[in-house]
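Biologist: I am new to this structure. Could you show it to me and take me through a few of its parts?

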Amino acid sequence: MAGIRGYWNLAAAAIAFRLLLLLCFPKDLHLGSRPEVATPLTSLRRRMKHNLLAEGYWLKQASMSPYSGSMYHGSPLLLSFLGQLTIRRVEGRPPHFYCSLMFVVVDFITAVLIRATGQKLLLSRHKSFQVLNLSKLVEASGIVNPGDFASLVYLWNPLTIVTCMGSSTSPIDNLMVVMAIYGACSRIAPLAAFGWVFATHLSLYPIILIVPVILLLGYGLDAPPSKLFLHKTSDASSSCALNQSPDNSEAPKLTDNAIHTFSWVQVLHFVLWVFIWLCFVLLLSSISLKDVGGLSEMFRKTYGFILTVEDLSPNIGVLWYFFAEVFDFFRNFFLIVFHVNILFMILPLAIRLKHRSCFLAFVYIAISSMLKSYPSVGDSALYLGLLALFCNELADMHFSFFLFCGYIGVSLLSPVMHNLWIWRGTGNANFYFATGLAYACLQTVLVVESVSSMLKHDRMLRKLVKA
Amino acid sequence: MAVLRHSAAFPFLLLLVLLICIPALASGVGLNDGGGGLEEEGEQFSEELFLKPLPDRKVLAHFHFQSTAPPSAANGRHHHLFPKAIAQLVRKFRIKDLELSFTQGRWNYESWGGSDPISSTNAKPPGVELWALFDLPVMEIDATWKDLTHALSGLFCASINFLESSTSYFAPSWAFRSNVSNLRYGALPREAVCTENLTPWLKLLPCRDKAGLASLLDRPSIYKGYYHSQRLQLTSTKSTGMVLKQTLTVVLKPDVQRNSAHSSLDNSIQPSWSVSSMFKKNVTGLCVPAKTSRIFFELETNMVVELEKLGYGDSWSNSIFDLSPNPVRVFKESNPLPGRSNSIIYEYINYSEHEPLDLGMKWKLPFIWSCSQSPFHASRFLMGSGNERGSIAISLQSTESNKEFLAKSHGCTVQVLIFQVVPWYVKVYYHTLQVFIDGKPQSASDVIEKIQVSPSEDKLFPGTLELMLRYPCSVQSVALTLDFDKGFLHIDEYPPDANQGFDIPSALVTFPNFHSSRSYVEDNLSINSPLLLKFQEKNVVRSYTEALLVPLTTPDFSMPYNVITFTCTVLALYFGSLLNVLRRRVGEEERLLNSKGNTTRIRLIPLLLSKFSSKLKGRTDGTPKSSSLLGSKFLFILVVVLAVLWHYIAN
């Protein structure tokens, strides 16, 4: 029950490690130009260029649209926010020093939010287990605090550290996603709406998180299937009817609390806040793009760029090579196929996992980071961190060792293959594509196995309850 | 009856014949009138050849053919000398100015000169370069440019039509020509230039290469040269009409004629040459329509200076070299600074039908001189390795001529304009622009006076950089660097020889303070030569840098099917296995198994199917146990039949 001992020490060590890397290897790492870390959407190097251009730092001319030049494809808000930080230079420090410092802070906030979410999940788990008379199960398996564990996994994940050091903006995207989930878990509708709107604004794919967020707000946190509670209630009431003892009457009350009815108030509240934040974001964007382009250009250059996979530079996904090779007349068809594949799974997953909305959010994030057009390791860092939130439920997941080894293997081989292909010219594109393919397979196995073991866990609970 | 009809028809026929003949007769008379006026102000054609020995034992030959047509209202659509194809181009596309050049080889600015009129207007980047200035509203220009490229491509048998896509042409704002909005510029650095481009070019001349100076153009000898640039320049104004200048600049190396007497000196003496030995052909006959047909021979300034040092002055026959026929006239360049020697031009006139004009130069003693150079020698190169990123560097090195300039005035500044077009797949980070002066990094704002950047747009526009630098004359070297990332293209966007790399067109470096005009002691009327008049135009000194070859990463061109199948397999794996996990209900399955163990449950559809199939087979007794098996078999057959039917219908 108690958290991991020395959590704060470990978290502080992770932060210190980042700062150490930042101060000791200012220029040697070159992580910002690695294809695994920085995608066209998140690379700060690309971002910086237009900052300078748009602000007329050395050009004494009218400002240009940040989207001209097919270099920048992110949000204009991020541009005006990070632009201030990228220009400011410190003697003897790497060019993005302030930016990197900010990313360290962002990583820390994300970790804290993940921890808070985990504690909420743990509480709800205990509550529902008490209701179901399964407390012995809790005691039997020496339970770890998922919040502390997930937060540490996120902080110490090499992928997260690399992303943080590589001056890519995915830590901010991740923070927004985690904020949406945390807001939904703790039923703070404005925060959830803020996270969701900004995450969608920054990278489009979190738009599908609206399903788990609404489920979380409506039904509450993850719990065993509601059927079990009904079963329990009927048992309890029958036993009540038999025994007529007054002390047993508390049980049905508890169960009623556990089975949340869908609270429309919360959802409406959320929708209202989404509307407010949406207006806010659009207003700010249109102000920042007032003279140059306007909103329609922003949508075309950000969402259009994501959806049409225009940039074919290599990344850890498979789509870049696919669209570099596919015949032109099939291009639109396959664009639709790949994006619809993300949408196809929303409904089946939502039906089967509606009682575990937080887990549903994790599955959605994993699927979208596998099938998104410009994936980076920053996305994997997020879903691997969230995966650790369900360490108790997924304790008996299959292939976990294989997956662990696979992730390590791919993350070691991928830079090697990239180097062979791009720098030495001894390998060809297929080598690098093969690691991307392996990575996609690993993610598939991870998603499928986690979903199946979560369903198995529910089944096990049902058996225990019925027994 | 028939006779009567015939007699009636005859006057009618006569009338018809007369009717047809009258305009023809009238036009014939008019033509004669026009012929009378042709001498004065009608269409004119002149041909000239300019020869100049180069310091590195080579000879520059520059052919200049000029056709002019008065404003079109006077002549209508008919032309006597002016090529009709070009006139139609001008009329259709409303061209004000156009220049098209086909070049092979690179002009060697260091040893062939960088500041004389020939090098600053006729030295062109390798491949095809085309720019055109239209007399049209800005909206219609892009469409007109596309049509123009196609027309020119057909006219000159070249792939100029590749310039139609918006990724390959650009509208420079001020660095190419001052402030014009209806100019379009495009370059194809990789275009190979050969006789197939020369033949249509010669067709535009009234005598083709059958007579006159153009008859010298023997294909093997001119394509053997070190530099070959064939150019077409077209100007059209309301007042002067159309002027078409066709120039061909070649740098040839004369064969060394072994002379036994001077065998020891042979290596140091410049090779002697004559027009016939260089071109392996003689000037055959006169091109009758040509108003003038002349050959000029130039001794450039530095050469005259050296000669005067030896005390030979401007004689064409001295102990160092001999010019074989005596020149008709001698032009001397007038110099604003007195007391300095200047270049000399000897004029020869090709007037005799039977005696071919064979100008020759015979060297007798070794002689060394250097050519006039541009103030700064511009070169461009790539830095970095690997296929991910790199940088472009443009370097300007001070030359001898700048030192002279520096000696003249103190505290002066040099102005340099740089115009650079970069294709979209070379993604330049303009913020990484760094300036090094004499090897030391300098803040860009100190040196850059004006800058205009238009970033490239993927698959839409190329990126361009227009820069104006200003720095003190005492600077020895200036270097600019720009970082770029290499793009990744779709498999269809690579050329057939993808591994060779991609060419970045030459950058244009202009020195607005330096002019390459010549002025002669004689007045313009007595000169009366289009070529020399052109030399007197005040042109700024320009030089083109080298074209760059950027190797880009290639995907595996043989893999499309494999990539599609592999990726789709992974996708199917994900979709199928996830759906399977979601669909499976273990508890249900267990219950089903249990119930199957107890009672044989017959499902509805197999039951129906089995009944149906048994009816088809004429069996009335279908046992329920074999029914499911039969059902599946039947389903299989049904699917096969459907597939066959579908195939049949689809075909």
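Biologist: Which residues does Leu51(B) touch, not counting those up to four places away in sequence?
Modeller: Leu51(B) touches Val59(B), Leu60(B), Ala61(B), Ile295(B), Phe296(B), Phe297(B) and Leu359(B); contact requires C-beta atoms, placed from the backbone, within 7 Å. Please note that this is a predicted model, in which local features need pLDDT of at least 70, side-chain atom pairs count only at pLDDT 80 or more, and totals for chains, interfaces and linings use all residues. Residues are numbered from 1 along each chain as its sequence is written, and chains are lettered from A and ligands numbered from 1 in the order in which they are written.

Biologist: And how many residues has the largest nonpolar core?
Modeller: The largest nonpolar core has 137 residues, and Leu51(B), Ala132(B), Val416(B) and Ile418(B) have the most contacts inside it. Such a core joins buried Ala, Val, Leu, Ile, Met, Phe, Trp, Tyr and Cys residues through C-beta atoms within 7 Å; buried means 20 or more other C-beta atoms within 10 Å of a residue's own, exposed 12 or fewer, and partly exposed in between, with C-beta atoms placed from the backbone.

Biologist: Where does this core lie?
Modeller: Domain 1 (40–259 + 272–295) and domain 2 (376–550) of chain B both contribute residues, so this core lies between them. The domain bounds come from an automatic or database domain assignment.

Biologist: Now the chain contact: how many residues does each chain give?
Modeller: Chain A gives 43 residues and chain B gives 42. By class, the side of chain B that touches chain A has 25 nonpolar, 11 polar and six charged residues. Here Ala, Val, Leu, Ile, Met, Phe, Trp, Tyr, Cys and Pro count as nonpolar, Asp, Glu, Lys and Arg as charged, and the others, Gly among them, as polar.

Biologist: Which residues of H1(A) are buried?
Modeller: They are Ala11(A), Ala14(A), Arg18(A) and Leu22(A).

Methods:
Contact = placed C-beta atoms within 7 Å. Helix = DSSP H or I, 4+ residues; strand = E, 2+ residues; numbered from the N terminus.
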